[in-house]
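Let's take a quick tour of a helix pair and some salt bridges. Have the sequence and the 3D view open while you read.

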Amino acid sequence: MDVGASALGLKGKPRSGSVDSAGQARRRFGAGFAERLMPTAAFELPGLGGVPTMQAPDDPEAAAWPSALQRWGEEFPGLKAWLGAGISAAAALRRLGLTLWTAKRLDLAAQALSDAAAADPTDGAAWLDLGFCLRALGETQVARDAFVRATEAAPHHARAWLALGLAAKEGGDPRLAEDALRRATLLDPGLDDAAYALGLMHFEARRYADAATCWRGLAARGYKTGLIRVGLGQCLFFLGEFGEAAESLGAHLADHPGDEPIAKRYALVRFLESALRGGPEAARDAYAAAAASRPEAVEKVAEAAFLLLAAYGHTDAALAVARAYARPGVADPIRDHHVAALAGEARAQASRAYVSTYFDRFADTFDDQMAALGYNGPERLVALLDAADARTPRAIDLGCGSGAAAPLLRPRCERLCGVDLSAKMIDRARGRGLYDELAVADMVEFLTGCDEVFDLVFAADSLIYVGDLGPLLAAAARALAPGGYFAFSLETTKNAPYVLQSCGRFAHAPEALIAAAAPSFELRAREKVFLRLEANQRIYGELIALARR
């Protein structure tokens with residue numbers, strides 16, 4: 001695009017054009033932003049029709065711009081009148097650009113504003129106007145450059161930082177976007193658009209507490225977007241603040257009664273907060289009232305509520321719900337395992353029925369859910385092997401699940417096998433077409449009964465369902481060639497060799513495990529890492545690589 005003798009290094013001559021600037025900016029900024037951010041000032045200029053006028057600022061003279069001014073003056077004679085009235089070249093060009101913007105002649109407006117910014121590079125408002133105009137034309141990268149210049153020229157201008165933040169977010173630079181939006185909120189705490197956009201950045205990064213901090217005040221002030229109440233409600237739900245979440249989601253539904261997904265979430269939240277305040281019966285009644293004509297079976301809702309209450313540490317309420325909705329004579333391995341974990345029962349491992357039922361149930365959505373939790377265990381574990389310079393042509397993936405590790409393991413393997421107790425997970429893994437062999441089996445039994453020798457036994461996020469690792473260590477030692485690797489991830493504890501946590505997963509003491517493995521293995525590498533989010537809490541553990549003696 002030609003933008004005149006431009007301050008951003010763009011060259012060309014004025015040309016006519018017509019663009020629906022408001023429509024384009026609205027689509028790019030998101031509904032609600034465009035009207036508040038785009039320039040609205042305009043002037044009266046012959047040939048463009050009468051529009052409101054405003055006082056131009058006193059800008060420095062720009063004696064270096066006679067040729068640009070001459071070109072503009074030939075096409076728009078009113079410009080000469082402004083200059084004759086004592087308005088500086090930079091101010092006159094900016095005035096012309098804004099007037100052309102109002103007339104929807106954006107190509108010309110961008111050229112005039114670019115010349116204005118070049119005539120007076122210290123005028124932050126000119127750079128800001130230029131950025132908005134370029135953005136409306138779809139020139140997002142050049143627009144961002146203009147916004148950067150606006151913040152350099154006017155570092156205390158909150159709206160310049162807001163514009164830069166939105167442009168950086170759109171351009172895929174979240175670090176710059178977040179920094180710019182935070183600066184905007186610090187410079188002007190009342191700039192609600194900046195607080196809203198910063199909250200979105202936090203929400204997308206799963207920093208729900210920070211997002212809620214940004215959005216609580218906006219919701220109280222009646223910030224005009226249909227997303228604020230639902231966004232705040234979702235944040236509070238993920239934070240486990242179920243009472244406030246119900247209030248915010250309910251307010252959203254009052255204005256948007258047809259929002260079915262949020263109505264479903266609202267009914268669940270009402271069950272949760274009522275279970276905490278009044279017990280299972282109160283929860284049932286609150287759910288019935290909230291779900292109205294769209295209820296699910298209350299037993300299904302109670303099952304989800306039980307797991308959520310357990311995850312957020314509400315042990316007593318979780319156990320009360322589990323007992324209230326237990327069905328006599330009906331096996332429920334998921335409930336039984338989590339009740340045992342909450343009650344502090346000692347177990348050597350999770351039952352096969354629990355593992356297979358649990359992972360069969362959400363096999364179809366497993367990969368998406370783990371991505372939402374920030375899970376990258378296989379990537380980190382393979383990186384640990386790479387750092388140890390491990391050569392692993394024959395590998396077996398224990399607890400392979402949907403095969404998330406296969407794209408990482410396949411390039412380093414001549415043969416790759418996978419084992420999992422969940423038949424549906426094995427079906428998902430088979431669909432990747434990367435494993436040479438897949439089996440629905442217990443990992444210890446498979447390794448013990450297998451005549452094949454491996455160079456790598458790989459277990460990402462699998463040992464958390466086994467407490468006593470003695471049998472697995474022995475089976476891995478049997479299956480590995482000398483020098484082969486047993487690589488795995490752990491959730492960790494210091495309280496015992498292993499404990500069954502209230503969340504239903506096992507944690508292990510790394511030092512005790514390494515000592516138990518010492519007769520058959522030597523430690524080659526270990527690393528403390530972030531594993532995943534759990535009830536909005538960061539879960540840490542260790543990656544360990546042992547080599548067969």
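Below are some notes on one helix packing and a few charged pairs.

## Before you start

This is a predicted model, so local features need pLDDT of at least 70 and side-chain atom pairs count only at pLDDT 80 or more, while totals for chains, interfaces and linings use all residues. Residues are numbered from 1 along each chain as its sequence is written, and side-chain values use heavy atoms, with hydrogens and water left out.

## Two helices side by side

Look at helix α5 (residues 89-102) and helix α6 (residues 106-119): they pack at an angle of about 160°, with axes 8 Å apart. Helices here are DSSP runs of H or I with at least four residues, strands are E runs of at least two, and both are numbered from the N terminus. Axes are lines fitted to C-alpha atoms, for helices over the stretch in contact, and angles run from 0 to 180 degrees between N-to-C directions. That angle makes α5 roughly antiparallel to α6 (angles over 145 degrees count as such).

On the α5 side, the contact (heavy atoms within 4.5 Å) includes Leu 93, Arg 94, Gly 97 and Trp 101. Among the α6 residues taking part are Leu 106, Ala 112, Asp 115 and Ala 119. By class, the contact has 13 nonpolar, 1 polar and 2 charged residues. Ala, Val, Leu, Ile, Met, Phe, Trp, Tyr, Cys and Pro count as nonpolar, Asp, Glu, Lys and Arg as charged, and the others, Gly among them, as polar.

## Salt bridges

The structure holds 39 salt bridges, each a side-chain nitrogen of Lys or Arg within 4 Å of a carboxyl oxygen of Asp or Glu. One of them joins Arg 380 to Glu 527, with the closest N and O atoms 2.8 Å apart. This pair links distant parts of the chain, 147 residues apart: Arg 380 is in helix α22 (residues 377-387) and Glu 527 in strand β8 (residues 521-534).

Arg 391 pairs with Asp 389 at 2.7 Å between the closest N and O atoms. Arg 391 is exposed, at 60% relative accessible area, whereas Asp 389 is partly exposed at 48%. (Buried means under 20%, exposed over 50%, partly exposed in between, with a 1.4 Å probe and protein chains only.)

## A buried pair and its network

Arg 505 and Glu 491 meet in a salt bridge at 2.6 Å, N to O, and both residues are buried. Arg 505 and Glu 491 also belong to a salt-bridge network with Asp 461, Arg 532 and Glu 534.

Definitions and conventions:
Parallel < 35°, antiparallel > 145°, perpendicular 65-115°, else oblique.
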